[in-house]
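Welcome! Please take a moment to look over the structure below before reading on.

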Amino acid sequence: MSKTVCALLGGGILFLNSVSGAAEGTAGTWPTFRGTDRSAVSPDTGLLQSWPESGPKLVWEGSGLGRGYSSVAIADGRIYTMGDHLPGAEDQDEYLICLDQNTGKQIWKSKTGEPWTNGQDDWQSARSTPTVDDNHVYCLT
């Protein structure tokens, strides 16, 4: 099983497959802010010490997640994040968004309420990271 690396980049998610030698373990599971034990340290072993010069294989790119500072939670083949001002939405409200981990396609979204618009423009927007526990997803807004 290959490991997946994800990064939230400007309202999109970029997924990269690491190459060679990743040990099996909790690959693809990061159910809450800073990971399973909230230490921001992955228990996975056998990971690459550096990227190949050509970089890891790009699996998929995501966009259309709106604006915000939320990180991602990953569990059971799904990725959860939050954003507001989603492109194509009828409103500018905040949403909890669920994506398929293998394809990046949106599975569902659920409106959580009005976006936070106080303070400077670059302070505004979704900030919390969803948490997955069994068959439930929790978020704060």
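Here is a short tour, grouped by topic.

This is a predicted model, in which local features need pLDDT of at least 70 and side-chain atom pairs count only at pLDDT 80 or more, while totals for chains, interfaces and linings use all residues. Residues are numbered from 1 along each chain as its sequence is written, and side-chain values use heavy atoms, with hydrogens and water left out.

**Confidence**
- The protein averages a pLDDT of 79, and 80% of the residues score at least 70; pLDDT is the predictor's confidence in each residue, from 0 to 100.
- Confidence is lowest in strand β1 (residues 4-9), with a mean of 41, and highest in β6, at 95. Strands (E, at least two residues) are DSSP runs numbered from the N terminus.
- Over residues 1-26 pLDDT stays under 50, and the model has 81 contacts beyond four places in sequence for them; a contact means heavy atoms within 4.5 Å.
- Where pLDDT is low, the predicted coordinates should not be read in detail.

**A strand pair**
- Strands β6 (residues 94-100) and β7 (residues 106-113) run antiparallel and are joined by six bridges; two strands pair if DSSP finds at least two bridges between them.
- Glutamate 94 has glycine 113 in β7 as its bridge partner.
- The hairpin of β6 and β7 has five residues between the strands, and glycine 104 takes a positive phi near 80 degrees there.

**Nonpolar cores**
- The largest nonpolar core has nine residues, among them Trp60, Leu65 and Tyr95. Such a core is a set of buried Ala, Val, Leu, Ile, Met, Phe, Trp, Tyr and Cys residues joined through side-chain atoms within 4.5 Å.
- Strand β6 gives the largest share of this core, three residues.
- A second, separate core of five residues includes Ala73, Ala75, Tyr80 and Cys98.

**Cysteines**
- Cysteine 98 is buried, at 0% relative accessibility, and cysteine 139 is partly exposed, at 28%. Buried means under 20% relative accessible area, exposed over 50%, and partly exposed in between (1.4 Å probe, protein chains only).
- The count of disulfides is zero, where a disulfide is a pair of cysteine sulfur atoms within 2.5 Å.

- Most residues other than glycine have a negative phi.
- Alanine 40 has a positive phi of about 65 degrees; this residue is in the loop between β2 (12-17) and β3 (57-61).
- Aspartate 134 has a positive phi of about 60 degrees and sits in the loop between β8 (131-133) and β9 (136-138).
- Alanine 40 is partly exposed at 42% relative accessible area, and aspartate 134 is exposed at 62% relative accessibility.

Notes
Helix = DSSP H or I, 4+ residues; strand = E, 2+ residues; numbered from the N terminus.
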